[in-house]
Amino acid sequence: MTTASWFELVGFLVGLLFGSFLNVCISRLPEHESIVSPRSRCTECRHPIRWFDNIPLLSWLILRAKCRHCRKRISWRYPAVELAVGLWFAFVAGWLCRVLVGPGHPGAARDSSATIPLAADILAIAILGFLLIGLIVMDWRTKRLPDAFTLTGIAIGFGLLCVRAAFNPDGTGDIVLNTTRQWRMSGPGSFQSTGNVFLTGTEAMVLGRVAAILGAALILLSIRWIYRALRGQDGMGLGDVKLLAMIAAFLGFGGALLSLFAGVMAAAAYALLLLATRRATAKSKIPFGSFLGLGGLFAAVVGAQLLDWYLGFWR
Ligand SMILES: [Zn+2]
């Protein structure tokens, strides 16, 4: 097995465990129940589930989707969520491997100053996927997007960006004023600005992300206000607003815009399909948060590939 396959396998197995925990969150958070106690129970007969019947994917297959005690069906949602988080973590682990090792340079250490920012980026993508998969399923099942995921997600995404910004090398990303007549050559073929620094790179990143979170929320709030003014009713919940702000906290404003675009396209395609097959009318509601979440996963994958392409210049 190659190094990358080992990373992906370990990522997949860790992802299955997190997927199992995510199933508990999905079942309990929209009902405002504790995710710690009581222990996992069958939703039909309330019989506690023992550890050997609670192994991700395997138990569902071995029990052939039936409770050991009451023989009632166990939803395919459980293995599907475990598999989705497993695949997401495998994707992130494969990315981590490419960043740490790089193709053709096994064991080659990268520039050590970039390690912590990259680790923060990769951790952010792993956590974002976990939260989005949970929110997609919760909105689909219950039309609810719990604050425990959206608001906590905004705090985590912004916190990791601050870690990333704090380790920004000096002078990168500074917003510099008054550069027109003050250029100094620092080496052959390169120039260094000696203008007045308006914002350091760290400040620019942190303030830029605050603006991204507020801007993303404001876009959906405006759409919500316009819809209410035109139709006299709410077309979109505040949960969707918080969800897009969360995506912006992790991916920045560009990532949030891409998520919104992809989410609207997917929701429109789904709505047209329902209308064409007469399974819905123009007044039916669709869980927009689920599509926004799918858009967020899409934007995260696109963003990761852009970063890979960018890192390619250093290989
Ligand atoms: Zn049962």
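This is a predicted model: local features need pLDDT of at least 70, side-chain atom pairs count only at pLDDT 80 or more; totals for chains, interfaces and linings use all residues.

Q: Where is the place of I247?
A: I247 lies in helix 7.

Q: Is I247 buried or exposed?
A: I247 counts as buried, because it has 34 C-beta neighbours inside 10 Å and the cut-off for a buried residue is 20 or more.

Q: And how far apart are I247 and G296, in sequence and in space?
A: I247 and G296 are separated by 49 residues in sequence, while their C-alpha atoms are 6.4 Å apart in space.

Q: Turning to packing, at what angle do helix 6 and helix 7 pack?
A: The angle is about 135°, and the axes of helix 6 and helix 7 are 7 Å apart. The two helices are therefore oblique to each other. Helix 6 passes helix 7 in a right-handed crossing.

Q: Which residues make that contact?
A: Helix 6 contributes residues including R209, A212, I213 and A216, and helix 7 contributes residues including L244, I247, A248 and F253. The residues of this contact divide into 14 nonpolar, two polar and three charged.

Q: What does A248 touch?
A: Not counting residues up to four places away in sequence, A248 touches A212, I213, A216, F253 and A256.

Q: Now the core: how many residues has the largest nonpolar core?
A: That core has 65 residues, and those with the most contacts inside it are I133, L244, A245 and A248. Helix 7 gives the largest share, 14 residues.

Key:
Residues are numbered from 1 along each chain as its sequence is written. A nonpolar core is a set of buried Ala, Val, Leu, Ile, Met, Phe, Trp, Tyr and Cys residues joined through C-beta atoms within 7 Å. A residue is buried if 20 or more other C-beta atoms lie within 10 Å of its own, exposed if 12 or fewer, and partly exposed in between; C-beta atoms are placed from the backbone. Helices (H or I, at least four residues) and strands (E, at least two) are DSSP runs, numbered from the N terminus. Two residues are in contact if their C-beta atoms, placed from the backbone, lie within 7 Å. Axes are lines fitted to C-alpha atoms, for helices over the stretch in contact, and angles run from 0 to 180 degrees between N-to-C directions. Angles under 35 degrees count as roughly parallel, over 145 as roughly antiparallel, 65 to 115 as roughly perpendicular and the rest as oblique. A crossing is left-handed if the near helix is turned anticlockwise from the far one by less than a right angle, and right-handed if clockwise. Ala, Val, Leu, Ile, Met, Phe, Trp, Tyr, Cys and Pro count as nonpolar, Asp, Glu, Lys and Arg as charged, and the others, Gly among them, as polar.
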